[in-house]
Amino acid sequence: MTDYVAIDLEMTGLTPRLDRIIEIGAIKHKAGSIETFQTLVDPEMPLTEKVTEITGITNDMLEGATDIDSAMTSFMEFVGDLPLVAHCVSMDYAFLKQWALNHKVDMAYQGVDTLYLSRRLCPDTEKHTLLAMQEYFGIKNDKQHRALGDAVACDELYQKLLEKFGDQDPSIFAPRPLHYSGKKQTPATQRQLKYLKELLAYHNLTPESQDIVFEKLTRSEASRKTDQLLSTYGRMNEK
């Protein structure tokens, strides 16, 4: 496989129906040429300290960033019909596909997972994270946990694995259809919003203090926020 796109996403968390993309990075190999793609994405919600600690991406950096719809449109144009390569490609694809489901966009990619390849071909290594495999193969990456830096590192890892093991078992390097069994996210119901607002008022909390933007809440997000408030502050008759 000589024509493909190595990708990496940075997200607010690991759950596609609840969390959001904050950065997309990719490096494309096509017809002997190489192109890169990188964009920060406005998640329309504040980042947690943990996300900033891991990625180095701050709320200030995301002010004025590209909206997810524009970012995904540009990304899909960049990729075209090429296969995707990623470290745990199913995770990245799940976030891409969730957006497609939400917007009724037809999306179907094939892909190669360098995490699977690493586990299969390098069983002697204790860990198979992207960082561990970079150290194993001596791959330099000055931008860990940034989308383009990790996409380039993943690309180099794929090339290293192909060079070392490609002749042994070429079939495992072939792209395969990617799958994600998510559902379209729908806006929060009026009943959910009403209860959430009453719960906030009862505990003297503001939407801003709980990172809640009512206009953007989906049913899943509203349920999660409600559960978090109930767990932390209790029900309205338990205060």
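This is a predicted model: local features need pLDDT of at least 70, side-chain atom pairs count only at pLDDT 80 or more; totals for chains, interfaces and linings use all residues.
Local features were taken only where pLDDT is at least 70 and side-chain atom pairs only at pLDDT 80 or more, whereas totals for chains, interfaces and linings use all residues. Residues are numbered from 1 along each chain as its sequence is written, and side-chain values use heavy atoms, with hydrogens and water left out.

Helix H9 comprises 15 residues, 219-233; helices (H or I, at least four residues) and strands (E, at least two) are DSSP runs numbered from the N terminus. Within H9, Glu-221, Ala-222, Lys-225, Thr-226, Leu-229 and Leu-230 are buried (buried, under 20% relative accessible area; exposed, over 50%; partly exposed, in between; 1.4 Å probe, protein chains only). Viewed down the axis of H9, the buried residues fall within an arc of 165° and therefore line one face of the helix, the arc being that of the directions from the helix axis to the C-beta atoms. An α-helix has 3.6 residues a turn, so residues three or four places apart point the same way. Asp-227 and Ser-231, on the other side of H9, are exposed. The cover over the buried residues of H9 includes helix H8 (190-202), with contact defined as heavy atoms within 4.5 Å. Just after H9, Gly-234 adopts a positive phi of about 90°.

Seven salt bridges were found in a search of the whole structure, the criterion being a side-chain nitrogen of Lys or Arg within 4 Å of a carboxyl oxygen of Asp or Glu. One of them joins Arg-224 to Asp-19, at 3.7 Å from N to O. This pair links distant parts of the chain, with Arg-224 in H9 and Asp-19 in the loop between strand E1 (4-11) and strand E2 (21-30), 205 residues apart. Arg-224 is partly exposed, at 22% relative accessible area, while Asp-19 is buried at 12%.

A salt bridge is also formed by Lys-216 and Glu-44, whose side chains meet at 3.3 Å, N to O. Lys-216 lies in the loop between H8 and H9 and Glu-44 in the loop between strand E3 (33-42) and helix H1 (49-55), so this pair ties together parts that are 172 residues apart in sequence. Lys-216 is partly exposed at 39% relative accessible area, and Glu-44 is partly exposed at 36%.

In the salt bridge between Glu-35 and Lys-28, the closest N and O atoms are 3.9 Å apart. Glu-35 is partly exposed, with 41% relative accessibility, whereas Lys-28 is buried at 11%.

Key. The expected span of a helix is 1.5 Å times one less than its number of residues.
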